Amino acid sequence: MKAKLTVLGSGTSMGVPTIGCDCAVCHSADSHDRRTRPSIMVEYGGHFVLIDTTPDFREQAIREGIQTVDAVLYTHTHADHILGIDDLRPISFHRPEKIPLYARPEAVEVLRSMFRYIFDADYKFGGIARVELKNIDGPIELFGARFDPITVVHGDTEIYGYRFGSAAYLTDFSDIPTSSMTQLGGLDILFLDALRHKPHPTHSTVENSLRIVQQLKPKRAFFTHICHDLPHAETNASLPPDVRLSYDGMKLEFEI
Ligand SMILES: [Zn+2]
Ligand SMILES: [Zn+2]
């Protein structure tokens, strides 16, 4: 079935512009150089699935006119991917069922302890998000579409990316194990981490991600989790035509 992917945020953990930074990208007049924290929305058959809820989720949801979220898939529990969880509240209040939040089993435990006021059954003052945690450790079906967790290495931890139909979203990785590479063949759209040019212990670089694109050969590839080292227009001009920097608000169609 037809699906639409919306880039809610394309920036690294500190966002671009970065607080207090004097650099040219942080002061750029090009709106593509304004990057909120990294997340996407996948829309198909009238359903809306988010990957991560960033500290910028409120702003992203208002910008994109989001009224419904049917499920959230978490990649990992770093602050830039989860801190918007509370802004699911207004969306969760007028739904009959709680919004399911899927994460790796150890990430579920981190979320449960970080947000005890949400998941603690004794909280009796109301006003909390109507959400429930669910483990994901293999493929799941959501509203008629299959989502496969893809294990990637992020510094010294393993986290998830996701494949859904002909698209995959891999934010935050320094390495992709061979067993995961075999799950990423035949893609129309591949999103992948490309923080900057300079090496980083927990993130991929432009050069490394270009190598991965050459190996996987998706029809089109889009970089995300981008820091202020990469000016949008100038960087795009240096990339092959089938590889682009993503940007906040970018929309793509694909088959799920
Ligand atoms: Zn991140
Ligand atoms: Zn991270």
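A residue is called buried when its relative accessible area is under 20%, and exposed when that value is over 50%. With that in hand, let's look around this predicted model.

- In helix 1, which spans residues 57-64, the buried residues are F57, Q60, A61 and E64.
- These residues lie on the same side of helix 1 because they cover an arc of only 95° around its axis.
- R58 and I62 are exposed on the other side of helix 1.
- Helix 7 runs over residues 206-216, and its buried residues are V206, S209, I212, V213 and L216.
- Their arc around the axis is only 120°, so they too sit on the same side of helix 7.
- Turn to the other side of helix 7 and you will find Q214 and Q215 exposed.

**The zinc ion (ligand 1)**

- Its protein donors are D80 (OD), H81 (NE2), D172 (OD) and H225 (NE2), at distances of 2.1 to 2.3 Å.
- The angles among the four donor atoms run from 92 to 161°, and the site is irregular.
- Along the sequence, the donor residues of this ion are spaced D-H-x90-D-x52-H.
- Distant parts of the chain are linked here: D80 belongs to helix 2 (residues 79-82), while H225, 145 residues apart from it, is in the loop between strand 12 (220-224) and helix 8 (232-238).
- Both D80 and H225 are buried.

**The zinc ion (ligand 2)**

- H76 (NE2), H78 (ND1), H154 (NE2) and D172 (OD) coordinate the zinc ion (ligand 2) at 2.2 to 2.3 Å.
- The arrangement around the zinc ion (ligand 2) is irregular because its four donor atoms subtend angles of 89 to 178°.
- The spacing of its donors along the chain is H-x1-H-x75-H-x17-D.
- H154 is in strand 8 (residues 145-154), and D172, 18 residues apart from it, is in the loop between strand 10 (167-170) and helix 6 (178-181).
- H154 counts as buried because its relative accessibility is 3%, and D172 counts as buried at 2%.

**The bridge**

- D172 coordinates both zinc ions, ligand 1 and ligand 2, which are 3.4 Å apart.

**The largest pocket**

- By class, the lining has seven charged, four polar and four nonpolar residues.

Note on methods. Residues are numbered from 1 along each chain as its sequence is written. Chains are lettered from A and ligands numbered from 1 in the order in which they are written. This is a predicted model: local features need pLDDT of at least 70, side-chain atom pairs count only at pLDDT 80 or more; totals for chains, interfaces and linings use all residues. Side-chain values use heavy atoms; hydrogens and water are left out. Donors are N, O and S atoms within 2.8 Å of the metal (3.2 Å for Na, K and Ca); water is not among the atoms, so sites may look incomplete. Four donors count as tetrahedral if all angles lie between 85 and 135 degrees; four count as square planar and six as octahedral if opposite donors are over 155 degrees apart and all others between 65 and 115; anything else is irregular. Helices (H or I, at least four residues) and strands (E, at least two) are DSSP runs, numbered from the N terminus. Buried means under 20% relative accessible area, exposed over 50%, partly exposed in between (1.4 Å probe, protein chains only). Ala, Val, Leu, Ile, Met, Phe, Trp, Tyr, Cys and Pro count as nonpolar, Asp, Glu, Lys and Arg as charged, and the others, Gly among them, as polar. The arc is that of the directions from the helix axis to the C-beta atoms.
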